[in-house]
Amino acid sequence: MAARILYGKDFAAKIKEDARLEAEKILKATGVMPGLAVVIAGHDPASEVYVRNKHKACGELGIFSLAVELPETATKEELLARIDDLNRDDRIHGILVQLPLPKGLAAAESEILNRIDPVKDVDGFHPVNVGRLSVGEASLVPCTPAGCVRMLELAEIPIDGARAVIIGRSNIVGKPMMNLLLQRNATVTVCHSHTKDLAAITREADILVAAVGKPGFVTADMVKPGATVIDVGINRIAPKKLVGDVDFEAVSEVAGAITPVPGGVGLLTIAMLMQNTVTAARLQAGAKK
Ligand code: NDP
């Protein structure tokens, strides 16, 4: 039987509408419009598209947006100084540094991301927010895993008591996904490149999350019949062709529900960024009362 296709746009629309309503409420109550600054260094074409999409989404939802563009040759000190300015800027409640950074700055990535004030860290990458998530006091959670979990909730796919398997242990996707699912009472296993007999583990999953970065990595024989399969992977296999980590055609014959690529998780990520910006504005407005 063919799986239910979980289209990102359906869930992203709901997440964005909730963010729009909350932004409106904050504006009415405090006179403050939530604001997002996106810092981009250099001219990576894919990053420029993402940044444009973020500003467009802000415009649709009543969120102020500011683009901070730095040249490819920007120094670490210049970038840190811009982040310091944004940390002090009352119009800005969320700061995002677009990754990947240009080659000259890549080695300083942690130092740059850690310079963002944790209350404005809408990517949820700052160690303070990572720590809060792991002790269950999260407020700003990495957008991709937060969007996936919100999608499961909106789709009414049970998490409590489910066996969840995540392939990938990155700080951006795998690890925060583990914490979010664990907090919702899933039994979670995290797999990585040293995992032995991966297919035997993935076949036990009611919820299988693929965040590997390898096209077609998850095949039908790795999936339990009826499982929900979330494909986080984005792999460009030709100039205009993106695919996920899951062999969509074959797996959708076995799974109960599956996200497509493109048109799946990517749309949730940007919707959650909007929600995080509004959450950050609410927390900062509350802190100033
Ligand atoms: P990373 O490269 O940081 O992590 C990949 C993970 O996959 C690692 O933990 C790695 O294990 C694991 N892995 C690699 N090979 C194997 C293998 N043979 N068996 C089991 N595990 C393996 O990637 P990210 O987490 O940043 O991203 C993953 C994918 O998701 C990428 O395609 C990325 O583009 C996409 N992505 C999509 C987003 C969206 O909005 N949809 C947002 C963020 C990412 P080990 O740790 O041992 O090396």
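I began with the strand order and found 6 strands in an open sheet, E1-E11-E8-E7-E5-E6, with parallel pairing. Strand E1 (4-5) and strand E6 (187-191) are the edges; each has a single partner strand, so one side of each lacks a neighbour in the sheet. I take strands (E, at least two residues) and helices (H or I, at least four) as DSSP runs numbered from the N terminus, and two strands as paired if DSSP finds at least two bridges between them.

A note on the model before going on: it is predicted, so local features need pLDDT of at least 70 and side-chain atom pairs count only at pLDDT 80 or more, while totals for chains, interfaces and linings use all residues. Residues are numbered from 1 along each chain as its sequence is written, and side-chain values use heavy atoms, with hydrogens and water left out.

Strand E5 (residues 163-167) pairs with E6 in the parallel sense over 5 bridges, and Arg 163 has Thr 187 as its bridge partner in E6. Helix H8 (residues 174-183) packs on this sheet, touching E5, E6 and strand E7 (207-210), and its direction makes about 170° with that of E5. Contact here means heavy atoms within 4.5 Å; axes are lines fitted to C-alpha atoms, for helices over the stretch in contact, and angles run from 0 to 180 degrees between N-to-C directions.

Then I stopped at Asp 231, in strand E8 (residues 228-231). I did find that the Asp 231 side chain reaches the backbone nitrogen of Asp 245 at 2.8 Å. Beyond four places in sequence, the contacts of Asp 231 include Gly 244, Val 246 and Thr 259.

Last, the other sheet. I found 3 strands in an open, parallel arrangement, E3-E2-E4. Its neighbouring strands are turned by 15° against each other on average, direction ignored. Strand E2 (residues 35-41) runs parallel to E3 and is joined to it by 7 bridges; Ala 37 has Leu 66 as its partner in E3. Two helices lie across E2, E3 and E4: H2 (residues 45-61) at about 170° to E2, and H3 (residues 76-88) at about 165° to E3.

Note on methods. A polar contact is a pair of N or O atoms within 3.5 Å; within protein, one must be able to donate a hydrogen and the other to accept it, and residues adjacent in sequence count only if both atoms are side-chain atoms.
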